Amino acid sequence: MKLRIALAALAVTAASVLAGAPASAVPNMSLVSAVSAVDSTAEKSAQASCPTGTRVLGGGGFISGGNRQVHFTRLQALGSFDDFAVSAAEISAYASAWQVHAYAICGTAPAGLEYVSFVTGSDSSASKAATATCPAGKQLISTGARVINGDGRVVINSLVPSAALTATTSTAYEAQGGFAGNWSLYSHGVCANPLPGLQLVSALIGPDSNDDVVGASCPAGKFTHGLGATMSSPAGQALYGGLYPSAALDQTVAIALEDADGYAANWSTRVYAICAN
Ligand SMILES: [Ca+2]
Ligand SMILES: [Ca+2]
């Protein structure tokens with residue numbers, strides 16, 4: 001489980017406003033963060049709140065102290081509160097203290113801003129996929145996912161923007177050993193009228209049997225409004241320890257870790273950035 005890293009710079013900061021940066025098409029873009037308590041509660045949440053007058057466009061999260069045993073159960077832009085909500089849970093009993101961080105990408109409302117969701121039915125299938133689609137004429141600016149009633153035993157594997165940025169698909173798998181309960185999966189998307197320079201970029205690391213840290217950079221002068229990621233093949237035996245934008249909103253980072261007893265086969269991680277002027 002050697003760590004492989006492919007990115008230009010890795011920065012997690014408390015909060016930042018893009019002072020001195022070239023003007024973005026969406027005015028007043030900023031990155032805001034929030035943290036949960038540091039303890040060993042089995043599931044906990046953090047919500048990062050956008051500054052007054054700005055809307056949540058997208059966001060991400062980071063788990064500290066999780067040691068391969070804590071994973072995201074929710075990454076969601078909440079249009080009703082203009083918060084980015086992040087929850088994480090222990091896969092099974094884990095004694096150490098850990099903390100979840102939430103990051104919100106905020107800005108003045110772009111024209112046509114709309115929050116869309118799709119939820120699967122509830123059953124105990126070993127994996128599920130959910131797709132949320134933007135209304136006709138609008139395009140996707142960020143992704144999200146949420147597991148309901150997974151009791152920590154369901155691992156989010158992907159939040160993938162479609163190539164044409166019209167939809168986002170989430171997948172999740174039951175963790176190693178399975179889960180007998182019924183659970184469901186949400187896909188969440190944020191849509192808007194097409195932004196100037198809107199462009200999907202991604203970066204891939206692997207396949208191999210190492211943990212991954214992978215970053216994708218927006219083209220010069222563009223900003224990330226949302227992000228996404230996918231892991232190939234580990235099917236519940238690898239989890240995200242982080243999925244977040246850089247402080248300057250010019251890059252996205254995914255950290256993908258094998259579970260506590262590892263995963264022998266090769267797998268890969270792809271991270272996405274949804275960029276615009
Ligand atoms: Ca099951
Ligand atoms: Ca394993």
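Tutor: Let's take strand β20, which is largely enclosed by the rest of the structure because nine of its ten residues are buried. "Buried" means that 20 or more other C-beta atoms, placed from the backbone, lie within 10 Å of a residue's own; with 12 or fewer it is exposed, and in between it is partly exposed. Strands here are DSSP runs of E with at least two residues, helices are runs of H or I with at least four, and both are numbered from the N terminus.

A quick word on where this comes from. This is a predicted model: local features need pLDDT of at least 70, side-chain atom pairs count only at pLDDT 80 or more, and totals for chains, interfaces and linings use all residues. Residues are numbered from 1 along each chain as its sequence is written, while chains are lettered from A and ligands numbered from 1 in the order in which they are written.

Now, who sits beside β20? Two strands pair if DSSP finds at least two bridges between them. Strand β15 (residues 199-208) is joined to β20 by eight bridges, and the two run antiparallel. Look for Leu-200, whose bridge partner in β20 is Ile-274. Strand β17 (residues 223-231) also pairs with β20 in the antiparallel sense, over eight bridges. There, Met-231 has Thr-269 of β20 as its bridge partner.

Step back and you'll find these strands in an open sheet of six, in the order β10-β13-β12-β17-β20-β15, with antiparallel pairing. At its edges are β10 (127-133) and β15, each pairing on one side only. From one strand to the next, the twist averages 25 degrees; for such angles, axes are lines fitted to C-alpha atoms (for helices over the stretch in contact), and values run from 0 to 180 degrees between N-to-C directions. On from β17, two bridges join it to strand β12 (residues 154-161), and these two run antiparallel. Here Ser-158 stands opposite Thr-230 of β17.

β20 matters for the core count too. A nonpolar core is a set of buried Ala, Val, Leu, Ile, Met, Phe, Trp, Tyr and Cys residues joined through C-beta atoms within 7 Å. The largest one has 79 residues, and those touching the most other members are Phe-84, Val-86, Ala-102, Ala-104, Tyr-240 and Ala-254. Strand β20 (residues 267-276) supplies the largest share of this core, seven residues. In soluble globular proteins, nonpolar side chains tend to be buried together. Two residues are in contact if their C-beta atoms lie within 7 Å. Leaving out residues up to four places away in sequence, Ala-254 touches Val-214, Ala-229, Tyr-240, Leu-243, Thr-269 and Val-271.

There's another six-stranded open sheet, ordered β4-β7-β6-β11-β14-β9, again with antiparallel pairing. Its edge strands, β4 (43-49) and β9 (114-119), have a single partner each, so one side of each is left without a neighbour in the sheet. Inside this sheet, β11 (residues 139-148) pairs with β14 (residues 184-192) over nine bridges, and nine of the ten residues of β11 are buried.

Finally, the whole chain: zero helices and 20 strands. Of its 277 residues, 53% count as buried. Among contacts between residues at least 6 apart in sequence, 75% join residues at least 24 apart.
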